[in-house]
Amino acid sequence: MLYIGSHTSFLKDKQLLGVVEESLSYGSNAFMFYTGSNQSTLRFPINHELRDKAHELMKENNIDKNNCVVHAPFIINLANDSDEDKYKFYIDFLKKELERCIELDIRKMVLHPGSFTKLTREIGIKNIA
């Protein structure tokens, strides 16, 4: 089976339903989206009614939720623990994003692990793992 999708917009008014509608407008059978801005921590609550309508629309159009992905925001940098407070923030924010995925019933996330910057490569890899 061939899966075709793209990054789609998760906007406050339609949330996951808007993601599905946009994907269908492209003829997609898969999609990727951020649950908020990719470079911000601002998030609005998940609307369960919109989520449920989105999943219904996905079923009606043979979009398997297992082929749909949340993209973690770029502000998460797990490779760099040189600032303990920031590192804790990155981990806590990632946990919140994972909770949002669970709430949306989308179980896959892609994450750019960040940059170790002035640390060694070995420390950066250890931090991510």
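This is a predicted model: local features need pLDDT of at least 70, side-chain atom pairs count only at pLDDT 80 or more; totals for chains, interfaces and linings use all residues.
Residues are numbered from 1 along each chain as its sequence is written, and side-chain values use heavy atoms, with hydrogens and water left out. Local features need pLDDT of at least 70 and side-chain atom pairs count only at pLDDT 80 or more, while totals for chains, interfaces and linings use all residues.

Q: What makes residues 84-104 a helix, H3, and how does its length compare with the span expected?
A: Helices are DSSP runs of H or I with at least four residues, strands are E runs of at least two, and both are numbered from the N terminus. H3 has 21 residues. The expected span is 1.5 Å times one less than the number of residues. For H3 that gives 30 Å, and its first and last C-alpha atoms are 30 Å apart, close to expectation.

Q: Why are the buried residues of H3 said to line one face?
A: Buried means under 20% relative accessible area, exposed over 50% and partly exposed in between, with a 1.4 Å probe and protein chains only. The buried residues of H3 include Tyr87, Phe93 and Leu104. Seen down the axis, the buried residues of H3 fall within an arc of 140°, so they line one face. The arc is that of the directions from the helix axis to the C-beta atoms. On the other side of H3, Glu84, Asp85, Lys96 and Glu99 are exposed.

Q: What makes Asn47 a cap of H2?
A: A side-chain oxygen of Asn47 lies 2.9 Å from the backbone nitrogen of Glu49, at the N-terminal end of H2. A polar contact is a pair of N or O atoms within 3.5 Å; within protein, one must be able to donate a hydrogen and the other to accept it, and residues adjacent in sequence count only if both atoms are side-chain atoms.

Q: Why is Glu22 said to have no salt bridge?
A: A salt bridge is a side-chain nitrogen of Lys or Arg within 4 Å of a carboxyl oxygen of Asp or Glu. For buried Glu22, the nearest side chain of opposite charge, Lys14, is 10 Å away. Lys and Arg count as positive and Asp and Glu as negative, while His and the chain ends are not counted. The side chain of Glu22 does make a polar contact of 2.6 Å with that of Tyr26.
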